[in-house]
Amino acid sequence: MIQNIIFDFDSTFITEKSINIIIKSAIRRLKDKDERTKALARLNELNSRIMDGKRLIGDALSSVIKLAPLMINDVEQAAGKMSKYLRPQVREIISDLLTRGKNIIVFSLGVDKLVVPLAQSLGIPRNNVFTNNFRLNKNGQVTGFDEENPLFSNIGKLYLAEKLSKSGRLAGDTAIVGDSLSDLSICKNKIGDIFVYFSGSTVWEDIRRQADFSVERFDRLLPLFCSDDELSHDRAGALVSVDEQEIKKPSILLLENVHTRAREKLIAAGYDVRLEKDAWDTAQLCLQNEINVLGIRSRTKISRQVLEEMSNLWIIGAFCIGTNQIDLTAATEAGIPVFNAPYANTRSVAELVVGEVIMLMRRTFEKSSAAHQGKWLKSAHGAREIRGKTVGIIGYGRIGSQVSVLLENMGMSVIYFDIVDKLPLGNAKSAANLEDILKNADIITLHVPDTPVTQGLIGKRELALMKDGICLINASRGKVVDLDALRRAMDSGHVAGAALDVFPEEPAHSEDIFHTPMQGASNVILTPHIGGSTLEAQENIAEYISSKFEKFISTGSTIGSVNLPEMELPRIQGTHRILHIHHNVPGVLAKINSVFARRSINVEGQILQTKGSIGYLIVDVDQDIADQVLNLVKAVTETIKVRKII
Ligand code: NAI
């Protein structure tokens, strides 16, 4: 357990750097406004240089106090007001740590007159407080620093820590709490055992990234330095607060009138669910900070801004096929798994295609349209049965292979072509190449994805290779067929019929006017991309996504997620589970396991997977994790999201 804690004083104990407090009031006294503005800008610049180690600390400090004339009176007056800069909880937490016998040491680049009285008022012994000192002239004006003081140099904190260590004043493990390179260097040089980045003010990400833990509040420090036993029985427990979001039942928001099956299922699983009819805009979404689970369809846009505002979001379900409406990069960076339902409507598409095969071969739409106009086209001309005919399927994936089974059962011969070796179902035969299909099929149906290769897959040349009287169905992607070429082939009589559900340009809204060169051609079925739009498909989607929600909430399973590593770990009775999503850098697992090991918490099961910049860890431990330990895991620097499954 940690015995010594070296605190950086400026920006950690207090909200400002102590030197800044006095120099800012001196700058405010400057008469010229331009001079004041310039001095403040220069101060900011010098502060950054001190933090990132790009400049000699002594030089920077000397430059700071030259920004405006500074008198000893200024320092004395500021000293009396220093406590108003103290961060919340510092007094309570330091007092608590001291009561537990922790050795608290303070390093400050500020000066003794500002720092020592405040540190002593917190109960820290005088000889544990190390600061710089001013030099004054006989008029009481600050002229510079005592340049012999170790803290005037970049390696001052390291030098002092080493000295304390050598003299035996750092017996036991030592933690460093701060936010600068000079704080980090104490750990890098093995004097400190852990470096805790305190991110209460500006975050210096380069430094934070190298810390073992990163906390933004003082109460988060206690579990790092005290055992659970110490924390459980006394007032310290009250000092450590836990985010309510981490322990309460998830709240679920479903938008765009997703099928009620999802709501029923999630309510039956014991969750609170709100179902809304409309798509929501960014402003509405940004107010939903308490939502943990969000279900949308294609009209609700999830931008980076939405994800930043909805900071308690665990998971997003797209109750549709595509995920273009979601900023997937931002979701991944926020550790939010996104799910969609790419296969829930496979059967619906296959059924539409089967229906169209018959409708085209019988020229039904042509006759139906004529009947609507009072014409009676009772004729067998061009009308054929499908039995005994050959259907050519291009793309033998989920939809293509279902179409194959259904049409074979209706008496058709099936030949198919796929760029990947696919096992034939039933009596279907794999064609040697695309031309083989084009030349031998009586009706061709396309089920390929939209790729650079499939764009324009069926053009003038391919149409010419097809049998006279061919019928063509496209319910895959609009760009797969060259519609101008198809129209010409139909007008010439070479192609007898076509059914098109997808188009290169599709209207975004139902009130937009739709144009295609196929309009007005005889025996052509045009449908507005409704291949997958059935009530059953919507219900399947609802069933599928809500089960993804349930599994992620109750087990952390990400199987089927489009952006996070896909993982599942069966639950073992009697264990407790933590989900940890983090930046994928070496050493995260070791840090988390050391948190458990130090508390004798046994890891019963663990699985870690990474995908690009993200790592996902599921850990089962043998005992209920105290909230303090959860906070500790959360404080691991690389952490993006942590959740305990109760
Ligand atoms: P899938 O991924 O299961 O199957 C596609 C198959 O096409 C794969 O076997 C693949 O190897 C093959 N393929 C890829 N490039 C090829 C090429 N150049 N030549 C021959 N084969 C090739 O996809 P699924 O679920 O069967 O969907 C197929 C198409 O249907 C997709 O374009 C999808 O967007 C579309 N779709 C349309 C819907 C609608 O409402 N009309 C609804 C659902 C899907």
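Buried means under 20% relative accessible area, exposed over 50%, and partly exposed in between, with a 1.4 Å probe and protein chains only. Helices (H or I, at least four residues) and strands (E, at least two) are DSSP runs, numbered from the N terminus.

The model on display is predicted, so that local features need pLDDT of at least 70 and side-chain atom pairs count only at pLDDT 80 or more, whereas totals for chains, interfaces and linings use all residues. Residues are numbered from 1 along each chain as its sequence is written, and side-chain values use heavy atoms, with hydrogens and water left out.

**Stop 1: strand β23**

Select residues 614-621, which form strand β23; 8 of its 8 residues are buried. Ile614, Tyr616, Ile618 and Asp620 point one way, while Gly615, Leu617, Val619 and Val621 point the other way. In a regular strand the side chains alternate between the two faces of the sheet.

Two strands pair if DSSP finds at least two bridges between them. Strand β22 (residues 603-611) pairs with β23 in the antiparallel sense over 8 bridges, and threonine 610 stands opposite glycine 615. β22 and β23 form a hairpin with 2 residues between them, and glycine 612 in the turn has a positive phi of about 60°. β21 also pairs with β23 in the antiparallel sense, over 8 bridges; here leucine 579 has isoleucine 618 of β23 as its bridge partner.

**Stop 2: threonine 558**

Next, select threonine 558, in the loop between α24 (535-555) and β21 (576-583). Is this threonine 558 buried or exposed? Threonine 558 is buried, with a relative accessible area of 0%. Contact means heavy atoms within 4.5 Å. Neighbours within four places in sequence aside, threonine 558 is in contact with Pro337, Phe339, Phe552, Pro565, Glu566, Met567 and Tyr616. A polar atom of the threonine 558 side chain lies 2.8 Å from the backbone nitrogen of methionine 567.

**Stop 3: the domains**

Colour the chain by domain, with bounds that come from an automatic or database domain assignment. The division is into domain 1 (2-210), domain 2 (242-343 + 538-564), domain 3 (346-526) and domain 4 (565-646). The centres of domain 3 and domain 4, taken over C-alpha atoms, are separated by 52 Å.

**Stop 4: the parallel sheets**

Begin with the open sheet of 5 strands, in the order β10-β9-β11-β12-β13 and with parallel pairing. Its edge strands, β10 (272-275) and β13 (338-339), each pair on one side only. Within the sheet, 3 bridges join β9 (residues 251-254) to β11 (residues 293-296), and leucine 254 has glycine 295 in β11 as its bridge partner.

Axes are lines fitted to C-alpha atoms, for helices over the stretch in contact, and angles run from 0 to 180 degrees between N-to-C directions. Helix α14 (residues 260-268) lies across β9 and β10, at about 165° to β10. Helix α24 lies across β9, β11, β12 (315-318) and β13, at about 170° to β12.

Move on to the open sheet of 7 strands, which has the order β16-β15-β14-β17-β18-β19-β20 and parallel pairing. The edge strands are β16 (429-430) and β20 (524-526), each pairing on one side only. Strand β19 (residues 495-500) is joined to β20 by 3 bridges, with leucine 500 opposite leucine 526. Helix α18 (residues 346-361) lies across β17 (443-446), β18 (470-474), β19 and β20, running at about 150° to β18.

**Stop 5: the nonpolar cores**

A nonpolar core is a set of buried Ala, Val, Leu, Ile, Met, Phe, Trp, Tyr and Cys residues joined through side-chain atoms within 4.5 Å. The largest has 98 residues, and Phe7, Phe13, Phe134, Phe225 and Phe596 have the most contacts inside it. This core draws at least three residues from each of domain 1 and domain 4. Centre the view on phenylalanine 7, whose contacts beyond four places in sequence include Phe13, Ile94, Val106, Phe107 and Leu221. A second, separate core of 31 residues includes Leu457, Met490, Ala498 and Val524.

**Stop 6: lysine 17 and helix α2**

Finish with lysine 17, in the loop between α1 (9-13) and α2. Lysine 17 is buried, with a relative accessible area of 16%. Lysine 17 and isoleucine 607 are 590 residues apart in sequence and 43 Å apart in space, C-alpha to C-alpha.

Definitions and conventions
A polar contact is a pair of N or O atoms within 3.5 Å; within protein, one must be able to donate a hydrogen and the other to accept it, and residues adjacent in sequence count only if both atoms are side-chain atoms.
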